[in-house]
Amino acid sequence: MNNSYTWYSQLVKPSWAPPSWLFGPVWTMLYAIIVFTFGSVIYKAIVGKLPWLVALPFILNLVFNFAFTPLQFGLRSNWLAAIDIVLVLVTLIWALVAIWPHTRWIAYANIPYLIWVSFATVLQLTITYLNR
């Protein structure tokens, strides 16, 4: 995968792109939030305290989130990564809207994730455009 990171470093990026070292700490914090909040939603769905339809966007978000790195760095596909990050954003918004009437703290706790994914979506779409 080292060649993939070399490939990524050679892509044209906007001047406002964050340094690559920032992604690790940010995602570490975000994954802690995701594990706790998404785990809570899925647990509540399993024990019947939440409808599965409420848990569905959380599950889809995880699928799309975990697909991003293989698409971006494994396949080296900016286009697939761009589609995927839009799906991450859409399913996250859907998840927060779905959970709001049931457990608002989960929606609030995911605001940092929403902010980062919104930024990451604009960044990925920009990188995809600049390297078309």
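1. Leaving aside its neighbours within four places in sequence, which residues is Lys 44 in contact with? The model is a predicted one, and in it Lys 44 is in contact with Lys 49, Leu 50 and Thr 103 once those sequence neighbours are set aside. Lys 44 itself lies in helix α2, and its relative accessible area of 23% makes it partly exposed, because buried would require a value under 20% and exposed a value over 50%. Trp 94 is 50 residues away from Lys 44 in sequence, and the two C-alpha atoms are 18 Å apart in space.

2. As to the overall make-up, the protein has six helices and zero strands, so that the order of elements from the N terminus, by the DSSP runs, reads α-α-α-α-α-α. The C-alpha atoms occupy a box of roughly 50 × 25 × 25 Å when this is taken along the principal axes. Of the 132 residues, 42% count as buried, and the protein exposes about 7,400 Å², of which carbon and sulfur atoms supply 73%. Among the contacts with a separation of 6 or more, 75% are accounted for by residues 24 or more positions apart.

3. Helix α2, which contains Lys 44, has 24 residues and reaches 32 Å from its first C-alpha to its last, close to the 34 Å expected at 1.5 Å a residue. Its buried residues are Val 26, Trp 27, Leu 30, Ile 33, Ile 34, Thr 37, Phe 38, Ser 40, Val 41 and Ala 45, and these buried residues pack against α3, α4 (78-99), α5 (104-109) and α6. Just after α2 comes Gly 48, whose phi is positive, at about 85°.

4. What makes up the nonpolar surface patch of about 600 Å²? The patch is made by Tyr 43, Ile 46, Val 47, Trp 52, Ile 59 and Val 63. The elements that give two or more residues to this patch are α2 (23-46) and α3 (52-74), and α3 gives the most, with three residues. Val 63, one of the patch residues, has its place in helix α3.

5. Helix α6 (residues 111-130) has 20 residues and reaches 28 Å between its first and last C-alpha atoms, close to the 28 Å expected at 1.5 Å a residue. The buried residues of α6 are Tyr 113, Trp 116, Val 117, Ala 120, Thr 121, Leu 123, Gln 124, Ile 127 and Thr 128.

6. Where within the chain does Gln 124 have its place, and which backbone oxygen does its side chain reach? Gln 124 belongs to helix α6 and counts as buried because its relative accessible area is 3%. Its side chain reaches the backbone oxygen of Asn 78 at 3.4 Å. With neighbours within four places in sequence left aside, Gln 124 is in contact with Phe 68, Gln 72, Asn 78, Ala 81, Ala 82 and Ile 85, so that Asn 78 is named both for the backbone oxygen and among the contacts, which are heavy atoms within 4.5 Å.

Conventions
Residues numbered from 1 in each chain as written. Predicted model: local features only at pLDDT ≥ 70, side-chain atom pairs only at ≥ 80, totals over all residues. Heavy atoms only, no water. Patch = residues over 30% accessible without salt bridge, like charges linked within 9 Å, V, L, I, M, F, W, Y side chains within 5 Å. Areas by Shrake-Rupley, 256 points an atom, 1.4 Å probe, with all protein chains shown as cover. Salt bridge = Lys/Arg side-chain N within 4 Å of Asp/Glu carboxyl O. Helix = DSSP H or I, 4+ residues; strand = E, 2+ residues; numbered from the N terminus. Buried < 20%, exposed > 50% of the residue type's maximum accessible area, 1.4 Å probe, protein only. Expected span 1.5 Å × (residues − 1). Polar contact = N/O pair within 3.5 Å; in protein donor to acceptor, adjacent residues only side chain to side chain.
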